[in-house]
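Biologist: I am new to this structure. Can we walk through it in short questions and answers?

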Amino acid sequence: MTEQREEIDLVDIPDSHINYDDAIEYWTNIPATVNGVLGGYGEQTVVPTMDVLGSSFFLRKLKSRMICPSGMIKYGVDIGAGIGRITRDMLHKYCDKIDLVEPVEPFVKQMQDVELADLIAEGKIGTIYKLGMQDWTPEKGKYWVIWCQWCVGHLPDKEFVQFLKRCKDGLQSNGTIIVKENNTPFDKDDFDETDSSVTRSDKKFRQLFEESGLKLIATEKQKGLPKELYTVRMYALKPQ
């Protein structure tokens, strides 16, 4: 009776359905373009432009709380980087050098050969890790900013907490983790079988940040996106 009840309860937990292999298979078959990685909301829409503007504004507001320690470079890492769009269009303007973490092979090839070719030639790109977030461990004390956008829904709650704890160890003194993700409009998570991911509520994110030993220093909703999309929220986090 107990085993049956636990099995029924597990079915009702959205993140229990996440499967890494299913996610990789889905994204491997998506075109390695801005339109592909943004689910059809590419450069023919306002989404890429408004996304970059919102992220840049958020970082500028945090400037006084993200002062880099003397003698250290502003090293960033772009998590779930896709084809490198965020690094190409925004992060490289704020960081001295950037690593990228991306498990989908066609996306990695596209960022190396096309999207980030100029930045690679300029020496702005460090290491490109062809790994999933669940398998990546940052070098201790390396990063000024760890940027996670539209990717952590592929991690179950427990894996997400462990990932954030590893990221916390990877921060420089006064380093910051930024999480930018969709939110459900209700206090319940939503599993999407299409790409094997979970959309979390704002309440759930805050709970998981606290479990990870992180404090929320700022949060803001992304403005200017199409109304049919989920609300997108940015979270700035530092170790407690």
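Biologist: Where is Trp150 found?

Modeller: Keep in mind that this is a predicted model. Strand β4 covers 143-149 and helix α8 covers 157-169. Trp150 is found in the loop between β4 and α8.

Biologist: What is the phi of Trp150, and is Trp150 buried or partly exposed?

Modeller: Trp150 is not a glycine, yet its phi is positive, at about 50°. Its relative accessible area is 28%. Buried would need a value under 20%, and exposed one over 50%. Trp150 is therefore partly exposed.

Biologist: Ser196 also has a positive phi. Where is Ser196 found, and is it buried or exposed?

Modeller: Phi of Ser196 is near 55°, and Ser196 is not a glycine. It is found in the loop between β6 (190-192) and β7 (197-199). Its relative accessible area is 3%, so Ser196 is buried.

Biologist: What is the volume of the largest pocket, and which residues are closest to its centre?

Modeller: The largest pocket has a volume of about 1200 Å³. Its lining has 48 residues. Closest to the centre are Trp27, Val37, Trp150, His154 and Asp195.

Biologist: Which element gives the largest share of that lining?

Modeller: Elements that give two or more residues to the lining of the largest pocket are α2, α5, β5, β6 and β7. By type, the lining residues divide into 27 nonpolar, 12 polar and nine charged. The largest share is five residues, and the element that gives it is α2.

Biologist: Which residues does UniProt list for "binding site", and which of this set does the pocket lining take in?

Modeller: The UniProt entry is unreviewed, and under "binding site" it lists Gly80, Arg85, Met133, Gln134 and Gln149. From this set, the lining of the largest pocket takes in Gly80, Arg85, Met133, Gln134 and Gln149.

Biologist: Is Gly80 buried or partly exposed?

Modeller: Gly80 is in the loop between β1 (75-79) and α5. Beyond four places in sequence, it touches Val101, Glu102, Gln149 and Cys151. Its relative accessibility is 23%, so Gly80 counts as partly exposed.

Biologist: And Met133, buried or exposed?

Modeller: Met133 lies in the loop between β3 (125-129) and β4. Past its neighbours up to four places away, it touches residues including Ile79, Cys151, His154 and Phe163. Its relative accessible area is 8%, so Met133 is buried.

Biologist: Which side chain does a polar contact join to that of Asp157?

Modeller: Asp157 is in helix α8. At 14% relative accessibility, it counts as buried. Aside from neighbours within four places, it is in contact with Asp15, Asp189, Arg200, Lys204 and Leu208. The polar contact of 2.9 Å joins it to the side chain of Lys204.

Biologist: What distance separates the C-alpha atoms of Ile13 and Pro156?

Modeller: Ile13 lies in the loop between α1 (2-11) and α2 (20-28). It is partly exposed, at 37% relative accessible area. Ile13 and Pro156 are 143 residues apart along the chain. Their C-alpha atoms are separated by 10.0 Å.

Methods. Residues numbered from 1 in each chain as written. Predicted model: local features only at pLDDT ≥ 70, side-chain atom pairs only at ≥ 80, totals over all residues. Heavy atoms only, no water. Helix = DSSP H or I, 4+ residues; strand = E, 2+ residues; numbered from the N terminus. Buried < 20%, exposed > 50% of the residue type's maximum accessible area, 1.4 Å probe, protein only. 1 Å grid on protein atoms, 1.4 Å probe; cavity = no way out; pocket = protein on both sides within 12 Å on 5 of 7 lines; lining within 4 Å. Points joined across faces, edges and corners; volume = space filled by probe spheres on them. Nonpolar A, V, L, I, M, F, W, Y, C, P; charged D, E, K, R; others polar. Polar contact = N/O pair within 3.5 Å; in protein donor to acceptor, adjacent residues only side chain to side chain. Contact = heavy atoms within 4.5 Å. UniProt positions renumbered as here; feature names shortened; annotations may be inferred.
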